[in-house]
Amino acid sequence: MSSFLKTLSDQVLILDGAMGTMLQARGLKAGDCPERMILDAPDVVSGVHREYAEAGAQILVTNTFGGSRVKLAHYGLEKRVHEINARAVELVRQGMAGTQASFIGASIGPSGRFVEPVGDAGFDEMVEIFGEQVKAFVDAGADLISCETFLDLRELKAAVMACREYSNLPIIAMMTFDDGGRTVLGTSPEAAAVTLEALGVHVVGSNCGLGIDGMYEILRRMRQVSSLPLIAQANAGLPILVNGETVFPASPEEMTAYHERLIALGVRVIGGCCGTTPEHIRVMRQALDGFDPQWTAPPRRGFLASRTEVAAFGPTQRCAIIGERINPTGKKAYSAELREGKTAYIRREAQLQAEAGAHLLDVNCGAPGVDEPLALERAVYAVTGVTSRPLVLDSSDIIALERGLKAADGKVLINSVNGEEKSLAAVLPLAKKYGAAVIGLTLDETGIPRTAAGRVAIARKIIARAEAMGLPRCDLVIDCLALTVSAEQDQAAQTLQAIRTLTREDGVATVLGVSNISFGLPQRPLISSTFFAMALEAGLSAAIINPKDERMMEVWHAAMVLTGKDPRAERYIEAYAAVPAPEAAAPEVAGGAPQTLFERLGRCVIQGDSDLVVGLVEEALAAGHDALAISNDGLLPGLEEVGRQFGANRIFLPQVLLSAETMQRAFGRLKEELRQAGVASRGRILMATVEGDIHDIGKNIVCTLLENHGFEVIDLGKNVSAQRIVEQAQQQQVDAVGLSALMTTTLQQMQVTLEALRAAGIKVFTMIGGAVVTQEYADEIGADLYAVDALQAVEKVKQLLKKG
């Protein structure tokens, strides 16, 4: 155990506070590269470290938040990654000399790019980029690595994997959440904690974005699903504007108000983010006196996660329903789609199974003539684009399995490993590397044992090997194998006995592919559902079934009540309270699927089905519909529904981007028809990220959605001066100017730009947005509108220009 982890088990540690504002107060100009000061002003940087050390910080973090090759390239420093990051560690060492500070934390921040399919960055590419920083930290002698302020869970996964691949250092992993409890891509605290714990980080938590009260709520939710030590790095309150400057109002004393609750929650590292100073850290350290530092970690439990959702599984949990329909066995149409590279069937079945009650979705792409690695990656992207259910990756192809694991956002379940040495040696290391849970089949080189005892023996072999590799028992699910009773009638009892033994004696989760039991018999649902009920009574933890089979779901709902796993019968009542008695049943009405061509176009946009939309546009044109009607009556209503669902937190940014991409493909086909029809744009809008700010992800999303809604967008990019914005606004004769800023240090450039527009006499509507922007700031600087997200920005622009 490292000295950091040993100390962490004995006491609560204080980590330092904000770096950027401290450097700005010591000469860093807005928009300049903080990491450049490591080279050009090392005494200033080490001096900040010393101030925090003398204030009582025990962990000092390097000035390398933007030290990746991608970030440094904005300043022409991309070839000095190793030098900058290694030198940063040395500057911390100099600053802590002679103080009580004990540990050098090496900072890794996000690259500013989203990982595909949301963005354009490849997963392996991101691992390589972060790995360059990690190598420098190791060479320079850092004590731990802090991955902080991440918004994209897959990018954070890449950073953590780089830490594990290139070092043995302890890892702190933090994401930034908004006041709604989600990251910008919709990740919940629970999904983040489950995914990161499975990846092997040592401390999990959150930094930035929120004050200490909001931070406590985020960590409370993480504790419900994680056994790890937690870290809290709150801002000094939420920023406000005072005399044209951004101020974080929380006093040092206010930052300690939650100390007792944080410590009781298992927070073992407390630090500060934006607005915190050495004085905050001094008071926070002093406030720890008198608190009992002892803490016992709760037992680890079984969870899976998507980007946005968590599903529990295990012997004491309700039986998890795994949807089985995304499997080409016996499905010629699906097999044909796989060979053609299409995903319509996958998207449709993912949605239908989720709506029918599946908690997890099994994804299998193994069919003759299919490039399975590519197909599984494509399928993972397709499923996660239309549903939030965690995934079960079902493949015997190790290359395909690894590609699917890279493509998945959260923590997945691998289907499967078995007791053969070849299988154990291939699959278990993948599960460990990518933080996955595993289904273990009770068969080996000799086949499937005919007795329960034989299957239990293989299960225990798999468990022992997995635990020896570092996989916890709660991440294992044993398949006791349902064999066809028409051929081997005595085997059903053996399967059930194996489930009972493993559940009660070994405390391990179990799973079955239930429908196998009835193969070759008439009225298969009768046999399958009865066996399902028996398996649930025996303790079955998960079932691979068709959730659209009403009889199977009826058995599940009833069994969860009767086994005490549906408290107060709440889920049963929710499912059946509104169902009329059989004699009063209303006649069945066809519905659900959209009937008109325009409704189908709208559904394509809502589902983000870019494969199908161009064909439907062609069909609409061939049917005599004009381009404007196709756009206004088919496509735009779909995008407006996307906006409503986003506003209600029913979908999140990745789904919005898929819908936007679908719109772009449709408009790409309609572009010429719309031009010939003389359709005018809704308005010309100039967009830019203000000078000194190199972050443009949010601005790019706004640009895309504005174009989808019929606006002409002139995108000037990032780090754009007020002078250039004024020049282009005049030259392009725009109707509105939109400005974006992510950093508090560049916020003031918005005011500078608006004043320059007014001074030049340019009469345009102005809008501002970004992570640090508020309605109050917009009002103070005289912006015409402020939006909290891209869809709200589009809606407000439409209303404003319509009035204008």
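**Salt bridges and burial**

Tutor: K798 and E640 form a salt bridge, with their closest N and O atoms 3.9 Å apart. The two residues are 158 residues apart, K798 in helix α31 (residues 790-803) and E640 in helix α25 (residues 627-647). Helices are DSSP runs of H or I with at least four residues, numbered from the N terminus, and strands are E runs of at least two. This is a predicted model, where local features need pLDDT of at least 70 and side-chain atom pairs pLDDT 80 or more, while totals for chains, interfaces and linings use all residues. Residues are numbered from 1 along each chain as its sequence is written, and side-chain values use heavy atoms, without hydrogens and water.

Student: What makes the K798 and E640 pair a salt bridge?

Tutor: The term requires a side-chain nitrogen of Lys or Arg within 4 Å of a carboxyl oxygen of Asp or Glu. The N and O atoms of K798 and E640 are 3.9 Å apart, so the pair qualifies.

Student: Why is K798 called buried?

Tutor: Buried means under 20% relative accessible area, exposed over 50%, and partly exposed in between (1.4 Å probe, protein chains only). K798 has 15%, so K798 is buried.

Student: How do you know whether E640 is buried or partly exposed?

Tutor: E640 has 33% relative accessibility, so E640 counts as partly exposed.

Student: What links D506 and R460?

Tutor: Their side chains meet in a salt bridge at 2.9 Å, N to O. D506 lies in the loop between α19 and β19 (509-513) and R460 in helix α18, so the pair ties together parts 46 residues apart in sequence.
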